[in-house]
There are 2 protein chains.
Amino acid sequence: MKQYEMFELSFEGVSPGKELVAEFSHGEKRVYVPGFYDGNGVYRFRFLPEEAGIYRWTANGESGAAVCEPADGTRHGVVRPNGLHLRYSDGERFSCFGTTVYALAHQPDELVRKTISSLKSSPFNKVRFCVFPKHYDYNHNEPELYAFEKTDGKWDTSKPCYQFWRRFEAIIDELGKSGIECDIILFHPYDRWGFSRLTKGESLEYLDYAVRRLSAYPNVWWSLANEYDLMDNYTLSDWKEFAEYISDHDICRHMLSNHNCFSYFDFSISQVTHCSIQDIFVCEVPELQRKYRKPVIFDECCYEGNISFGWGNISAFEMVNRFWTAVISGGYCTHGETYMSDDDVLWWSRGGELKGKSPARIALLRSIVESLPGDIDYFPEGVGCLTEEVIAGYRENGIPKNLIHDFWVKGLCSLPAERVKGFILRSRGVTGACMDGSGCSAYIKYYGRQCPSFDRFILPDGSYKVEVIDAWEMTRTVALENASGEINIALPGKEGIAVLAVRIK
Amino acid sequence: MKQYEMFELSFEGVSPGKELVAEFSHGEKRVYVPGFYDGNGVYRFRFLPEEAGIYRWTANGESGAAVCEPADGTRHGVVRPNGLHLRYSDGERFSCFGTTVYALAHQPDELVRKTISSLKSSPFNKVRFCVFPKHYDYNHNEPELYAFEKTDGKWDTSKPCYQFWRRFEAIIDELGKSGIECDIILFHPYDRWGFSRLTKGESLEYLDYAVRRLSAYPNVWWSLANEYDLMDNYTLSDWKEFAEYISDHDICRHMLSNHNCFSYFDFSISQVTHCSIQDIFVCEVPELQRKYRKPVIFDECCYEGNISFGWGNISAFEMVNRFWTAVISGGYCTHGETYMSDDDVLWWSRGGELKGKSPARIALLRSIVESLPGDIDYFPEGVGCLTEEVIAGYRENGIPKNLIHDFWVKGLCSLPAERVKGFILRSRGVTGACMDGSGCSAYIKYYGRQCPSFDRFILPDGSYKVEVIDAWEMTRTVALENASGEINIALPGKEGIAVLAVRIK
C-alpha cells in the first residue's frame, strides 16, 4: 500500500449475505468502500490511502492490514479546491492547465497510445474526455467497446462491459503516472447510440458503477456533462440529484462540476467544487469568483484551429491570450485544438498529435505560474475593480460620499446598467498578485491586445526583479534587477506582453 | 456662383435699421441667410446654392442676381443622412471613413499644412477637430489664436477673434477641396483656458456666431462635443437646446450629433442626424441602427498606437478589424493614431504625419466599399440575427411555434438576459449585403478574428465573382469567376479574412 496510490482488494465470488462494502480504518478513522463486480466472478474494492501508516480492512468476511508507505514526492494525491484555487492532498499547489480530447477513449489502441504520449510531452495536466462515445463532425468512427452490454438490443446498465472499463481505467492510470488529471465527462448530447436517452434509473445505475470503479483513482474529476443544457431528458433537478449521488458515494470527494453550452450550471450547490464554464469572456473570472467563491475554470473558450465552426477556429495567439487573461485574473483555462487534418484526426475529438502553436506558449505560462511562490489572485487596479456588481450597488444605495466625484464611479453610474460591463472591458490589461506567507510577493500584469510602449508602476515595500514577457515570442527580458518604489518600464508596443515583478527582498 | 460652392456677399458697414439677414430666392424657394460681422467694418452673408439656375438676393437694402453654374462633378454638396447611410446633395453615396486630429486648428501653420497634406493622401474623408484648444497629455502647446478676444481678462463671446475664424475656415475650405468633411467639435472638457466654463448665454452666443460663419461650407458637420458627458456645466437639456439652436439656424441642415465618453447621447431627437459613438463594441452597429434608425458612426473605437492609456494603444490590426466589422455591419468607423513621437506630435491630437499601418488597410476597405453598387447593410445570418431584442421579445411573449425547437432560439431564451449579447458575440463573422436597384447584388462576409480554412455559401439567383480578401496583407484573390448555387471556398485559416461575392449576371 502506497500513499496516494490506489489499493485494491479482490475476491472471487462474494460470500452470501455479505454486503458489497469494505471497511478501511486508520487509527480512529473509518472509511466504507463499496465494491463492484468486474466479471469472471471477481469482485473488487478500491481504496485510496491518503495518509501513511497502518490501515486495517475487512471485506467479504475477511480482514487484514497493510502498511501504507509514505509518498516519495512523485505522487501528490487528490486535487481538491482550496479557496479560489486548487491543492493536492499533500498541500502542493495544482495550477490547472487543461486540454480536451472528447472521444479519447473511443479510438483504436494505437491512436490512444499516441494521444497519451502527446499529452505527456504537452504542458497540459488535465484532459477532458467522455465515457460515452461521441457522434459529431470529424468523429464518426465506431468504437470497439461501450460502457455496457445490450439486452434485447437495448443498452443494459446492469451489465457493464468489463473490458471497456478496464481499458478506460488503463488510460486514467497511465495519465496519472504523468500527473495528468482526468476530467471524466459522464454524459453528453452528441449521440447516435442512445446513451443520451437512458432513463433516470439507468443513469443512476451507471453512475453508481462508475463511482465504485473509478473513485479510488487519485486523478479523477467528475464532469457531469459536456453541454448539459443540450440534453433534454434530464431536468435541472436530475442534474442536482446526480451531483448529490456522486458526491455521497465518491469516497475521495473528487472535483465535480457541470459544463454548459448556453446557461452556466448552478455552481452554488455544495456538491459542485468549481465553476466549469463554456464561454469566451475569460476576463470574467473575478466576477465568477465573487459570485460563487469557488475556483473558476474556463473549460471551453473556443478551440485553436481552422474548421468552419466559429467555436473551432480561433488563432493560436487568441488561445494563448485567453489562457493568460484567465490565469492572471486568478482562474484557469482549458485548451482544445481543431485543425483540419487529412486523416480526420482532430485533437479536440480524437487526439493524436498536437499541431498548433499555442501549447508551447501555454508551457511558458505554466512554467512562470509554477515558479511563483503562491497562487495568482486577481488584483483590482483602476477601473477594472469597479465591477458590474459594485456599480449596481452604488446605483441602488447611492454612491459613497468619498467617491461621489470619482471619475470612473460617476461615469459608470451614469451608464445604462447593461453597458457597465462593456465599459469595464475597455479598461487596460489585467493584473494578478501572488501571495506567499508574508503577503504579496509578486505582481504580474498582462496587457492582452493592448500595445503600450511603456507603463508606470508603484511597487509596494521591498525590492523586485522586473521582467518583460512576450507571451507569443516566448521571451523573458529582465528590465530591472533591483527595483523599488515608482518605476517606468519600456514595453515593446505589441500584443501579448506581460510585466512580472517578483520580490527578491 | 457655383452649385455646391459657398457664395458670399460682403458689405462695408450695414445700413441702420436693416436686419442682418439676406434673402436668396430660386424660383419659388426662398432662404433667409443670417449674416455676421467679420471685423474691419465688413459684414458677410454666406450661402450655399444647392441647385443650378438663377438665384436672386436682397441684403442690406441692395439686391442682385447670379447664375449658378451646375456642378462639374468634382463637388457633390452637403452630406446628409439617407436612411441608415449617407448621401451628398447630388445623390452620390458618401461612405464615411473618418479620422481624428482634435487640436488640428491650434497648431503652428507649418504643422497644419503638413496635417492637411497627410489627410489629402490618406484614405480618410472626414476629420474630427475642435474649435476650442485642447489641454491634455501630448498637447500642451499654447495656440496663437483663440475663438474670442478677452474683455477684462475674461473670454468675451461678443468679440470673435476674426483672425482665428478666418484661419479656421481656411482649413475647412482646403479640406473641402479634397472631399474631406470637417466634423467640427463645438465643445469639449479638456481645457485650461475656460472655454468649457462658458455660461449658457455665452455658449449660445458662440454657437450663433459659428453657425452664421460656417453653415455655408458644404463640408461642415456639427459635433456638439467630444465626450459631452464629462462636461459638468451643461445639462442634458442644455445639449438638446444646443442641438435645436444649431438645427434651427443652420441653413444647410448639416450632419449633427454628440460624442460620449460614458453614456451615448440621446440620438432619438430629431435634430440628431446620426449616432456618433465612443465604444469598442463596433459589432453593435445593427442593434443601434434598429434602435435609432439613423446612420451609426463609431467615432472613437480606441486609437492605433502605443501610449500607456488603454484607449490609445490598440494594434494596427485591431484598428483595421474594427473598421471592417463596423463597415460590414452597415455602419462606419473613425480612425485615430497615438504613436509616441520624439517631437511629441501625435496624430490624434496635433496631426503631422501618419505613422501607423492601419491607413493603407483602411484604404483597401474604402476602395472595395466604393466599388460596390450600393450601401452595405447588415445581413443577418444564423445566430447573429437573433438579437438581444428579439430574444427579449420571445421571453416576454413566448417563442413562436415554428421556432420552439430551434437550437439557437431555445438556447438563447434559456440564458439570463444579460448573457444573451455575449453569447451572440461568440457567433462567427459578420455579413453585409449590398443592394442595387434590382435587389441584393453583392454579399461580403468578414470573419474578424475567426480563422476558418473553408466556408460554404448558398448564393441566391445569378452568377457571382467570388474573391477572398486578406484585410491585413491587402490581397484580393479570385476564388471563383462564375459561381452560382452552393459553393465551398477555401480560406487561409488566419485572422482578418473576408469573402466578397459580386453578382455579375
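View 1. Arg128(B) is buried, at 0% relative accessibility (buried: under 20% relative accessible area, exposed over 50%, partly exposed in between; 1.4 Å probe, protein chains only). Asp183(B) also counts as buried, at 2%. Arg128(B) and Asp183(B) form a salt bridge, with closest N and O atoms 3.2 Å apart (a side-chain nitrogen of Lys or Arg within 4 Å of a carboxyl oxygen of Asp or Glu). Asp183(B) sits in strand S14 (residues 181-187) of chain B and Arg128(B) in strand S11 (residues 126-130) of chain B, so the pair ties together parts 55 residues apart in sequence. Helices (H or I, at least four residues) and strands (E, at least two) are DSSP runs, numbered from the N terminus.

The model is predicted: local features need pLDDT of at least 70, side-chain atom pairs count only at pLDDT 80 or more, and totals for chains, interfaces and linings use all residues. Residues are numbered from 1 along each chain as its sequence is written, chains are lettered from A and ligands numbered from 1 in the order written, and side-chain values use heavy atoms, without hydrogens and water.

**View 2. Lys126(A) and Asp299(A) in a salt bridge.** The N to O distance is 2.9 Å. Lys126(A) lies in strand S11 (residues 126-130) and Asp299(A) in strand S18 (residues 296-300) of chain A, 173 residues apart. Lys126(A) is buried at 0%. Asp299(A) is buried at 0%.

**View 3. A salt-bridge network with residues of chains A and B.** Glu318, Arg322, Arg449 and Glu495 of both chains A and B are linked. The structure holds 69 salt bridges over all chains.
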